[in-house]
Number of protein chains: 2
Amino acid sequence: MSGQQDGIVAVVGGGVIGMSAAWRLAVAGCRVRLIDPDPGFGGASWVAGGMLAPIAEAWPGEEPLLELGAASLHRWPDFAERLGRDSGKPPGLRDEGTLVVAADSADRAELDTLADHLASLGRTVTRHTSRRLRGLEPSLGPGVRGGLEVPGDLAVDNRITLEALRAAAESAGVEFVRAAARGVRSGVVELADSTGADSAVHCDVVVIATGAHAEELHPALRGAIRPVKGEILRLRSRATSIPPPRRTIRGPVHGRQVYLVPRADGIVIGATQYEAGFDTEVTVGGVRNLLADAERFVPGIAEYALVESTAGLRPSTEDNLPLLGWVAPGVVAATGHHRNGFLLAPVTAEAVVGLVCGSALPAEAKAADPSRLGGQQCTS
Amino acid sequence: MSGQQDGIVAVVGGGVIGMSAAWRLAVAGCRVRLIDPDPGFGGASWVAGGMLAPIAEAWPGEEPLLELGAASLHRWPDFAERLGRDSGKPPGLRDEGTLVVAADSADRAELDTLADHLASLGRTVTRHTSRRLRGLEPSLGPGVRGGLEVPGDLAVDNRITLEALRAAAESAGVEFVRAAARGVRSGVVELADSTGADSAVHCDVVVIATGAHAEELHPALRGAIRPVKGEILRLRSRATSIPPPRRTIRGPVHGRQVYLVPRADGIVIGATQYEAGFDTEVTVGGVRNLLADAERFVPGIAEYALVESTAGLRPSTEDNLPLLGWVAPGVVAATGHHRNGFLLAPVTAEAVVGLVCGSALPAEAKAADPSRLGGQQCTS
């Protein structure tokens, strides 16, 4: 379909990746059908925290992921602005940055590793005492043992963003097919819950963007993606509670990672990690750990209302980089985004448009080519 | 209306008390209208744990409450049997009894007070070592420091019971008026959300059974009832979790009361207590405490799914006894049941039938006469 802007593209999956790709493809002139039983709802994107934080999450050995993340972060302000314009619903990008804090001396040693790593890459972070941290965010509790100020990371409200993406895709002419896909072949998406004549969508190109469920759709993805369960809590401030912090607060608590992402009316707390297959039940142990760790950093959340406990499945690959490229003739993968679906949406959408329409690919997206995992190379 | 069985009785409130009274009044021959926007749902009865436990909850100084509770407990098997017969939905009475356990030596001293008190009333309880307790309920954790076996208490699934009561009331001829009441006068219930001709229900007798909201309905109840907020969690067992205990497990954890009531498919954990007005939000601090205390007694709940966190308002009086009797001509109060709505439903329904139809009142119900709170005596 290179160079043709009037073919039919079927995007399978209505999470942040699928809807971003569908919207940008439609804007680029493609006729797009987005296939999802309930676009925006119920999947990992609905559950997500909405941090756009490649820097605070950097780690030695994951330099290509940091580069890809930084490239996408750089695109976010423009992406958000277009999204607001096309949808009439600005996604409310927050730019207050992140405090990465520690709960004990071993946790602080982990932060030192992060700070040294970022410094070696030429990125500035500032080490702060607990006292100085509390000067920045007075809600931090006495259990905080120093930390880092990481400027530059962003955050969005994931659900407002999904709503905006749906509206933008719709206004760009994306046609929504409200059904689940059960298989993809070149030129065909078979639907699971339709009968008769409309049991398949025919197209020139298929984009597979069903997250952790991607590997069920096409043999080329088998074994390439595994679900990593994460539980997440949504808190709402009350008349009797202190206001949410301005920055994202995150870090290790006795070795266990927790984050608190501020919202206009509350805080999102995440996220546990389990290698437990396709399990999306919220467990007592998961909620207990999230609350304990989050209260360690911000004790005032005790007075917040706990309004939602959910779990989602991160689509994870062996190197934590997404799968972004051709996997069979006419079949593009845009999945495997692990914890970074929202962060990587702009660069992924741009890469998908590049792959489908023959325009230039972002340089950093090369590292995400599916051929790295040992499958054969495929160009269209 | 003494001696007349064909007058119209308006029962305001579709919780366990209102529906039990409506059902029994209809069976006794009254024409009953039950006024509630959504009978069975949303109120304290929907949130409740369903323990029928006057003995395990006995305390020195509350002898009249124990007598009333024991009288109602005694009626429960027959009440449940009739309810199953009239509704076709047996409420599933559980008779495995209760283990009251302790988490430290101060908690155990509290249990000694309870055991001595029950012994002085001629009730048998058995003191057990932790080891013996674990022989009875292998799911008890190493944090249990001895306890008591209290036979005789019962438990029901509150939601199955509410469903059965609605069905039984319906099949007995109760007419459901799906509206909220905003005021009660002798012979009239004014509705809040209706317009025009049907904005009031006219009747011979009104029974006020709106729990914590009762005092808003009639001046005679003003100041007599206060809401005591309680948070409660619902857990479901999973393929990877141990089965629920057979008995109710309850007791103090460092002075804070917690209970775990088994269900066919899980456990209900309750309940916090706050004097916080009409607040039904679930707080982070409440959930954290309930989980911590329940895990202290039964560590295996960590692997359960946390499926629901809710809060309800106990309708409480200054002596923890209900208000059960005439409060104005043609107006009966059946409220103030504090933590004991399910337990006291049979004796309350019998008392309401006695008051309305002129039949005999249960002797133990005398202690609940509203006149004890200083209002004037009123006989019909």
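1. Chain A is superposed on chain B by a rotation of 180° with 0.0 Å of shift along its axis, and the RMSD of that superposition is 0.0 Å. This is the relation of a two-fold axis. Please keep in mind throughout that the model is predicted, and that side-chain atom pairs count only at pLDDT 80 or more.

2. Among the residues of chain A, the one that comes closest to the rotation axis is R288(A), whose C-alpha lies at 3.2 Å from that axis.

3. As for the extent of the interface, 19 residues of chain A are in contact with 19 residues of chain B. The copies meet through the same surface, because 100% of the interface residues of chain A are also interface residues in chain B.

4. Between them, chain A and chain B bury about 1,600 Å², and 51% of this area is on carbon and sulfur atoms. R238(A), E281(A) and V284(A) together supply 35% of the area that chain A buries against chain B, which is more than any other three residues supply.

5. In a salt bridge between the two chains, the side chain of D279(A) meets that of R238(B), with 2.8 Å from N to O. Counting polar contacts in which both residues are at pLDDT 80 or more, there are 14 residue pairs between chain A and chain B.

6. Which elements of chain A give two or more residues to the side that touches chain B? They are β13 (226-236), α7 (284-297) and β17 (305-316) of chain A. Of the elements, α7(A) gives the most to this side, with six residues. By residue class, the side of chain A that touches chain B divides into ten nonpolar, two polar and seven charged residues.

7. W23(B) and F79(B) form an aromatic pair with an edge-to-face arrangement, at 5.3 Å centre to centre and with 70° between the planes. Because W23(B) lies in helix α1 (residues 16-27) of chain B and F79(B) in helix α3 (residues 63-87) of chain B, the pair ties together parts that are 56 residues apart in sequence.

Notes
Residues are numbered from 1 along each chain as its sequence is written. Chains are lettered from A and ligands numbered from 1 in the order in which they are written. Side-chain values use heavy atoms; hydrogens and water are left out. Contact means heavy atoms within 4.5 Å. Buried area is the accessible area (1.4 Å probe) that two parts lose on being put together, summed over both. A salt bridge is a side-chain nitrogen of Lys or Arg within 4 Å of a carboxyl oxygen of Asp or Glu. A polar contact is a pair of N or O atoms within 3.5 Å; within protein, one must be able to donate a hydrogen and the other to accept it, and residues adjacent in sequence count only if both atoms are side-chain atoms. Helices (H or I, at least four residues) and strands (E, at least two) are DSSP runs, numbered from the N terminus. Ala, Val, Leu, Ile, Met, Phe, Trp, Tyr, Cys and Pro count as nonpolar, Asp, Glu, Lys and Arg as charged, and the others, Gly among them, as polar. Copies are superposed by least squares on the C-alpha atoms of residues with pLDDT of at least 70 in both. Rings of Phe, Tyr and Trp (its six-membered ring) pair if their centres lie within 6.5 Å; planes under 30 degrees apart count as stacked, over 60 as edge-to-face and the rest as tilted.
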